[in-house]
Amino acid sequence: MRLEQTVKGWKRRCWAGVTSGLLVLLLSGCGGGVGTNGTGAAPQSAGTGTVTGFGSVIIDGVAYDDSQAQVISDAEAGEELSEVKLGQRVSVEYEAAEGAGKPLARRISVQSTLRGMVEAIDGRTLTVLGQTVQVNDGAVEGVEGPVTVLEGFETLSALAGQAVEIHAMEVMDGASRVWQATRIEAVGELSDRSEVRVTGRVTALNAADALTRRFMIGPLQVSIAPSAAASAGLADGLLVRVLARWSDYDSAASTLSARRVLAVAVPAKSIDPEATLTLTGLVSNLDEASKTFELDGQKVGYAGAVFTPSTATLRNRRYVVVTASSTGAGMVQAQSVQLPQNLATTELHGTVMGLDAVAGRFQVRGTWVRFGDATTFEDCSVGEWGSGAYVEVYGLVEASGTVLARKVYCEDEEIGQVVERFGEVLSVQAAQRQFVLRNTDRSGRIEDLTVQWSGSTYFRSPLSARSGPAVGDRLEVEGRFSGAGSALVLQASKVKPD
């Protein structure tokens with residue numbers, strides 16, 4: 001890296017300034033009981049938060065090196081590979097940074113809160129599977145947390161009767177528990193076999209009768225099929241995630257037949273005693289007398305915690321980042337409580353894709369970026385700027401989910417950075433898990449790239465990792481280069497159809 005690039009990077013960092021938890025399997029149609037749903041060994045450190053940028057993956061302003069991370073999500077049949085997007089709620093297991101390096105993410109779990117049809121819209125509030133979801137567009141005073149990222153639509157009114165996937169944080173709204181969305185994505189039509197999911201607190205549990213096991217999540221009645229495993233571990237007040245199919249939902253009766261039930265839990269008893277546990281979310285049930293509050297239902301004690309800024313005060317619905325240690329008995333003890341500033345700011349590092357100079361927008365790492373007269377471009381000469389250029393973007397997340405760029409820096413690509421390439425598949429060697437992609441760079445030069453995939457490469461539907469792509473497919477590939485010269489290979493982390 002050139003010295004001037006190092007200095008510029010330092011300036012950029014100065015300018016710029018996990019409700020998914022680890023899951024415990026309770027019920028499944030293939031047997032089992034209560035058990036861990038992780039890697040087995042305790043992670044060195046763990047946390048939950050909101051994805052606020054890319055460069056590698058940025059969670060609540062902290063950049064994690066994801067070059068060795070496995071990205072997964074839960075499905076009806078078990079875990080499956082997934083992808084990370086802006087605004088998602090994730091949990092991350094990582095190794096602490098050494099020196100000035102980034103923490104090394106080993107496992108990132110992407111778990112949406114709700115997936116189903118939008119049944120009602122009232123201003124900034126949606127109803128999905130009977131659950132109340134509030135949208136943060138950054139315009140309401142007192143509403144904190146990341147601005148809700150929208151994908152696949154521009155206005156909430158367009159979502160009536162549409163299928164969506166929602167990432168959100170649990171929060172108390174008066175006496176009711178509701179969800180504040182960090183990301184809402186339109187997912188197209190739902191077939192009978194399409195996955196639906198709902199997350200919420202168990203109430204009115206009836207576990208006595210093996211044929212009629214059921215409980216409530218808000219106004220939704222969840223029943224458990226007789227073929228499911230024993231319900232040991234379920235209890236009123238427990239936060240659970242229910243997986244089912246669209247055909248299992250009766251909207252008129254407000255009932256859902258569960259195929260899998262997972263308890264959402266902070267890894268309070270499983271992390272290394274010397275590890276860091278980081279939690280983020282909206283404060284609920286603040287009790288100043290006992291110095292406790294809840295984050296996504298997890299009880300947190302804050303007596304003796306260091307606050308940043310030092311003058312910060314807590315209140316319900318305040319967005320906080322907590323560094324904690326495990327104390328058992330269902331509570332974690334906060335060592336520090338930070339009130340993040342400028343939650344609408346973000347940064348993106350990656351390759352420019354889909355540049356539309358007339359509309360003034362492009363994509364970086366799957367996120368739309370808008371630019372205009374107020375955007376400052378640095379080191380972006382005529383030959384360096386355009387689709388295929390490697391850039392760093394600093395800006396604000398708008399209510400639409402688009403990033404409004406304030407500063408854009410053009411850079412040379414370096415080995416190890418996440419880049420994207422687009423083109424047509426010329427040949428496939430499935431046994432070697434590789435293919436050749438013909439890419440045309442921004443100067444018009446044609447390059448034939450060898451792309452390799454692995455067991456951790458995510459293939460977006462309808463593509464499949466089993467067979468790989470087909471000759472003639474037009475693809476976008478995200479990954480990192482390794483090797484040099486004729487041995488240069490793009491190691492794919494994500495493969496998407498055009």
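Rings of Phe, Tyr and Trp (for Trp, the six-membered ring) are taken as a pair if their centres lie within 6.5 Å, with planes under 30 degrees apart called stacked, over 60 edge-to-face and the rest tilted. On that basis, Phe-293, Tyr-302 and Phe-307 come out as one aromatic cluster. The model is a predicted one, so to speak of local features takes pLDDT of at least 70 and side-chain atom pairs count only at pLDDT 80 or more, while totals for chains, interfaces and linings use all residues. Residue numbers run from 1 along each chain as its sequence is written, and side-chain values use heavy atoms, with hydrogens and water left out.

As for the overall picture, the protein has one helix and 42 strands, both being DSSP runs (helices H or I, at least four residues; strands E, at least two). Of its 498 residues, 50% count as buried, that is, under 20% relative accessible area, against over 50% for exposed and in between for partly exposed (1.4 Å probe, protein chains only).

Back to the rings: a search of the whole structure turns up nine aromatic pairs. Phe-362 and Phe-371 make a tilted pair, because their centres sit 5.7 Å apart with the planes at 35°. Phe-371 also pairs with Phe-377, this time edge-to-face, at 5.8 Å centre to centre and 90° between the planes. Phe-362 is buried at 0% relative accessible area and Phe-371 is buried at 17%, whereas Phe-377 is partly exposed at 31%.

There is a charge to note too: Arg-361 lies over the face of Trp-368, 3.8 Å from the ring centre (the cut-offs being NZ of Lys or CZ of Arg within 6 Å of the centre and within 35 degrees of the ring normal).
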